[in-house]
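Let's walk through this structure together, beginning with a helix and then turning to a set of strands. Have the coordinates open in your viewer as you read.

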Amino acid sequence: MVQRQVPRPAELLELMKFKKLDLDPKHRRLSSALTIDDLRKVAKRRTPAAAFDYTDGAAEGEISMQRSVEAFEDIEFHPAILNDVSQVDTTTQILGGSSAQPFGIAPTGFTRLMQTEGETAGAGAAGAAGIPFTLSTLGTTSIEDVKAANPLGRNWFQLYVMRQREVSYGLVERAATAGYDTLFFTVDTPVGGARLRDTRNGFSIPPQLSVGTVLDALPRPWWWWDFLTTAKLEFASLSSTGGTVGELIDSAMDPTISFDDLAEIRAMWPGKLAVKGVQTLEDAKRLADLGVDAIVLSNHGGRQLDRAPVPFHLLPQVAREVGGDLEIILDTGIRSGADIVAAIALGADFTLIGRAYLYGLMAGGREGVDRTIEILSDEVARTMKLLQVPTLKDLTPEHVTQLSRYTRIGEGARIR
């Protein structure tokens, strides 16, 4: 029979300790976000639809983006046992320098549209965390101002080769002068992809007001206050800023770029050179033969060619064939630290986060980017501890099995 007693007031008080009230609304919403998806939900509430959808959306049916995210969901980890993981080391070497984490911030365009601090917030947060920051040609903060925001950290520059070659060459020279240590030569954007969410939203730079825009803005006055009371939103590296996103990209990019352009940029650039947008093993091999420092396996976040190869699926084969000849960086689909650990285990030397960074930016500016990096860093360390690997170098393909809900015809039975 259960023995009962009347609880003493002192015992009740021990059970009724209330959490201290946080009076800072930004800190409250960021600290309550435990995952990147939580930050995405906060970002969606706080950002007008056109700006949020530009970040969140992808090309055409958004199949490439969906598959890239699913590829990371469809893995199985295989932990070791009885290894000392009281401390884990997440530092790594990439492109001639160090990074405190196996991930950096990817280049993103129109960034101040998402939240007015834009690239300054990203570069500052990256510098504080000891990870690299990459500025896009279509960035809204200048090469020099990003350097000022991250004066002691690692800054990388992503280059589009444009119809007016002298514009691209000038950007290369400015990045070198400012002390950027790596250039990303981007090869997957001869023209802009069909980003249908943007078309439906009438998204343009600068934003154009409509009845729908005004109605969408009413519950988000803080975004418009920031937008209207800060510096004009424009491309920091390009002189022309008018038109829809597709029109801007099509007017700037050159579908005739070739390996000769790569050679010319290589000759101009004094630092490390990575080719971004590699999507086949054959191209990875050719670039390895040409002696580039790194490749970025990427389908541009699913924002260019829909139904493009999934970089995470391509990774193991590329790592086996050319991993000894150049460094391999992976982006597209990363939403957690576990995704990053899986990529490193299967042969990536480094990873990049794009949308995850922008969700944090929209959720809370610089503090939101800090929170993104904190969430991912904690997840990386926790996943390593649960796999019982003390360093990134201890991760191997044996720690991960790639399951698949899709297989190519002739490659065997469908899994799951």
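**A bent helix and its parallel strands**

Helix H18 (residues 355-387) spans only 26 Å between its end C-alpha atoms, whereas a straight helix of 33 residues would span 48 Å at 1.5 Å a residue. That expected span is 1.5 Å times one less than the number of residues. Helices here are DSSP runs of H or I with at least four residues, strands are E runs of at least two, and both are numbered from the N terminus. This is a predicted model, in which local features need pLDDT of at least 70, side-chain atom pairs count only at pLDDT 80 or more, and totals for chains, interfaces and linings use all residues. Residues are numbered from 1 along each chain as its sequence is written, and side-chain values use heavy atoms, with hydrogens and water left out.

Where is the kink in H18 centred? Look at Gly 364: the kink there is about 140 degrees, taken as the angle between axes fitted to the seven residues ending at a residue and the seven starting there. H18 is also mostly covered, with 25 of its 33 residues buried (under 20% relative accessible area, with a 1.4 Å probe and protein chains only).

Now for the strands, which pair if DSSP finds at least two bridges between them. S9 (residues 294-297) and S10 (residues 327-330) run parallel, joined by four bridges, and Ile 295 stands opposite Ile 328 in S10. Between S9 and S10 the chain passes through helix H16 (residues 311-322) in a right-handed β-α-β crossover; right-handed means that, with the strands pointing away from the viewer, the path from the first strand over the helix to the second runs clockwise.

S10 also runs parallel to S11 (residues 350-353), through two bridges, and Ile 329 has Phe 350 in S11 as its bridge partner. Helix H17 (residues 337-345) carries the chain from S10 to S11, and this β-α-β crossover is right-handed.

Note on methods. Buried means under 20% relative accessible area, exposed over 50%, partly exposed in between (1.4 Å probe, protein chains only).
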